[in-house]
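Have the model open beside you for this one. We'll take a walk through it, one piece at a time.

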Amino acid sequence: MTDEQALKLVLAAVEKARAMGLRITAVAVDAGGHPKALLRMDGAPFHGVVISTDKAKTAAGFGVPTAVWKTRTAERPHILEGLNGRAGFIPIGGGVPVTVDGTLIGALGVSGAHEDEDCAIAAAGIAALAA
């Protein structure tokens with residue numbers, strides 16, 4: 001993930017959150033889960049820095065949106081029990097992988113709103129990168 005891609009993702013997410021009247025933290029990580037860009041909006045919960053980073057790391061590490069973990073573990077709770085508490089893993093929606101030409105280049109994580117709102121904000125970031 002380039003610096004420019006990371007900034008575009010984070011700024012688009014913040015723009016969407018602002019339009020929704022929300023205060024969030026957005027973080028873009030590279031494919032190895034290393035932060036490339038992070039922006040915590042004024043008034044956003046400070047815990048969002050760690051939570052959004054963990055959402056991004058989870059999405060980058062597994063290559064799937066973090067929201068899928070609810071259905072993936074619904075009938076197999078032992079999987080979630082085994083993964084919970086692992087550094088950088090969080091099974092809460094708001095983390096989405098970022099791909100370019102079918103290659104995973106990183107992920108975007110959003111935290112600070114309701115889970116479905118975090119997902120919508122992250123989707124706006126991805127859409128801006130694709131535009």
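E1 and E2 make a hairpin with four residues between them, and Gly-33 in the turn has a positive phi of about 85°. Strands here are DSSP runs of E, at least two residues long, and helices are runs of H or I, at least four, numbered from the N terminus. E1 (residues 25–30) and E2 (residues 35–40) run antiparallel over five bridges, where pairing takes at least two DSSP bridges. Thr-25 sits opposite Arg-40 in E2.

A word on the source: this is a predicted model, where local features need pLDDT of at least 70, side-chain atom pairs count only at pLDDT 80 or more, and totals for chains, interfaces and linings use all residues. Residues are numbered from 1 along each chain as its sequence is written, and side-chain values use heavy atoms, leaving out hydrogens and water.

Now look at H5. Its buried residues (under 20% relative accessible area, 1.4 Å probe, protein chains only) are Asp-118, Ile-121, Ala-122, Gly-125 and Leu-129. They cover an arc of only 100° around the axis, which puts them on the same side of H5; the arc is taken from the directions from helix axis to C-beta atoms. The face turned away carries Asp-116 and Ala-130, both exposed, meaning over 50%. Helix H1 (3–19) and strand E4 (103–111) are among what covers the buried residues of H5.

Technical notes. Contact = heavy atoms within 4.5 Å.
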